Amino acid sequence: MQEFTPIKEGKVREVYDVGDNLIIAATDRISAFDVILKNKINEKGAILTKMSAFWFDFTSDVVKNHMISTNTDDMPEFFRNDRFKGRAMLCKKLEMLPIECIVRGYITGSGWASYKESSSVCGIKLPEGLKESQVLPEVIYTPSTKAEIGDHDENISFEKSAEILEKQFPGKGREYAGKIRDLTIALYKKCADYALSKGIIIADTKFEFGLDENGEVVLGDEMLTPDSSRFWPSEGYEAGKSQPSFDKQYVRDYLKANPDCDYLLPDDVVNKTVDKYKEAYLMLTGKEFINE
């Protein structure tokens with residue numbers, strides 16, 4: 001049996017080269033504030049993979065994506081075991097674009113902090129008098145750079161994203177910057193409308209894109225998981241305060257309230273987090289999470 005080692009390890013994912021394609025395996029690691037925590041969240045990797053697969057299917061009419069299969073029977077023998085069961089996604093190889101495509105439909109988190117200081121988010125001027133967690137008059141696109149592990153992503157303007165892409169793809173950078181901005185907003189609007197019909201508010205999220213062998217923009221990485229998005233229950237939503245959450249905001253809140261915890265979570269926080277992930281999966285897909 002041929003053995004494989006990761007060609008890249010991110011905060012949560014491991015990437016394996018299997019010839020013409022890649023396998024992206026979601027681990028049970030969890031990160032917050034760009035730091036990998038000491039705990040693992042049991043079954044988290046499988047939930048993320050299943051949720052991404054659901055959204056990739058749901059948005060395939062908007063943009064092509066990199067997913068080929070989540071069935072390990074379609075992968076080399078090395079991956080056909082419990083370590084990778086439900087966690088691995090066979091994907092097309094892409095030349096990934098060095099931009100995190102962040103989209104915000106509500107004002108919260110770092111956006112709210114910025115707004116309180118300057119009435120703007122990432123240089124985008126917003127109306128006066130907005131409340132915390134309020135829906136924005138229009139969806140806004142606030143790209144950032146992609147940081148290495150241990151570093152922090154840097155918020156940038158659309159113009160800066162175009163400059164970065166133009167350096168990498170002379171003559172095409174501005175076109176790619178506009179394309180991924182427009183796709184990001186279109187994906188968010190479609191998915192946010194659907195999620196709201198299922199009782200979940202998607203406050204913000206991020207997407208990543210790459211180029212296929214024909215130079216076509218393709219959606220990659222993960223999609224609309226609790227790791228990459230803020231999910232709120234629509235029931236009980238009220239602007240003017242922070243919202244209860246289905247995502248890892250629960251972890252962030254614990255870390256902020258316990259700065260001396262050294263990124264080690266108590267068991268109740270771990271269990272609460274995975275329960276929230278499973279609840280969100282059920283509400284969005286209509287199916288109980290089963291790792292199969």
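**Exercise 1. Determine which elements each supply at least two residues of the lining of the second largest pocket, and describe that lining.**

Solution. Step 1: the elements are β9 (99-106), β12 (135-141), α4 (173-197) and β14 (200-211). Helices (H or I, at least four residues) and strands (E, at least two) are DSSP runs numbered from the N terminus. The model is predicted, so local features need pLDDT of at least 70 and side-chain atom pairs count only at pLDDT 80 or more, while totals for chains, interfaces and linings use all residues. Residues are numbered from 1 along each chain as its sequence is written, and side-chain values use heavy atoms, with hydrogens and water left out.

Step 2: α4 gives the largest share of this lining, five residues.

Step 3: the second largest pocket holds about 190 Å³ of space. On a 1 Å grid over the protein atoms alone, a pocket is an open set with protein on both sides within 12 Å along at least five of seven lines, and lining residues have an atom within 4 Å of a point.

Step 4: there are 14 lining residues, and the closest to the centre of the pocket are Y106, V135, Y188, A192 and D193.

Step 5: by class, the lining of the second largest pocket has 10 nonpolar, one polar and three charged residues.

**Exercise 2. State the volume of the largest cavity and identify the residues by which it is lined.**

Solution. Step 1: the structure holds one cavity of 30 Å³ or more; a cavity is a set of points where a 1.4 Å probe fits but cannot get out.

Step 2: the volume of the largest cavity is about 80 Å³.

Step 3: its lining consists of R13, I24, A26, L48, T49, S52, F56, H66, M89, C91, D221 and E222. Two or more of these residues come from each of β3 (21-26), α1 and β7 (88-92).

Step 4: α1 provides the largest share, four residues.

**Exercise 3. Describe how helix α1 and helix α6 pack.**

Solution. Step 1: α1 (residues 44-58) and α6 (residues 267-285) pack at an angle of about 20 degrees, with axes 10 Å apart. Therefore α1 is roughly parallel to α6, a term for angles under 35 degrees.

Step 2: the contact (heavy atoms within 4.5 Å) is made by K44, I47, L48, K50, M51, F54 and W55 of α1 and by V274, Y277, K278, A280, Y281, L284 and T285 of α6.

Step 3: by class, this contact of α1 with α6 has 10 nonpolar, one polar and three charged residues.

Methods: Axes are lines fitted to C-alpha atoms, for helices over the stretch in contact, and angles run from 0 to 180 degrees between N-to-C directions. Angles under 35 degrees count as roughly parallel, over 145 as roughly antiparallel, 65 to 115 as roughly perpendicular and the rest as oblique. Ala, Val, Leu, Ile, Met, Phe, Trp, Tyr, Cys and Pro count as nonpolar, Asp, Glu, Lys and Arg as charged, and the others, Gly among them, as polar. Grid points are joined across faces, edges and corners, and a volume is the space filled by probe spheres set on the points.
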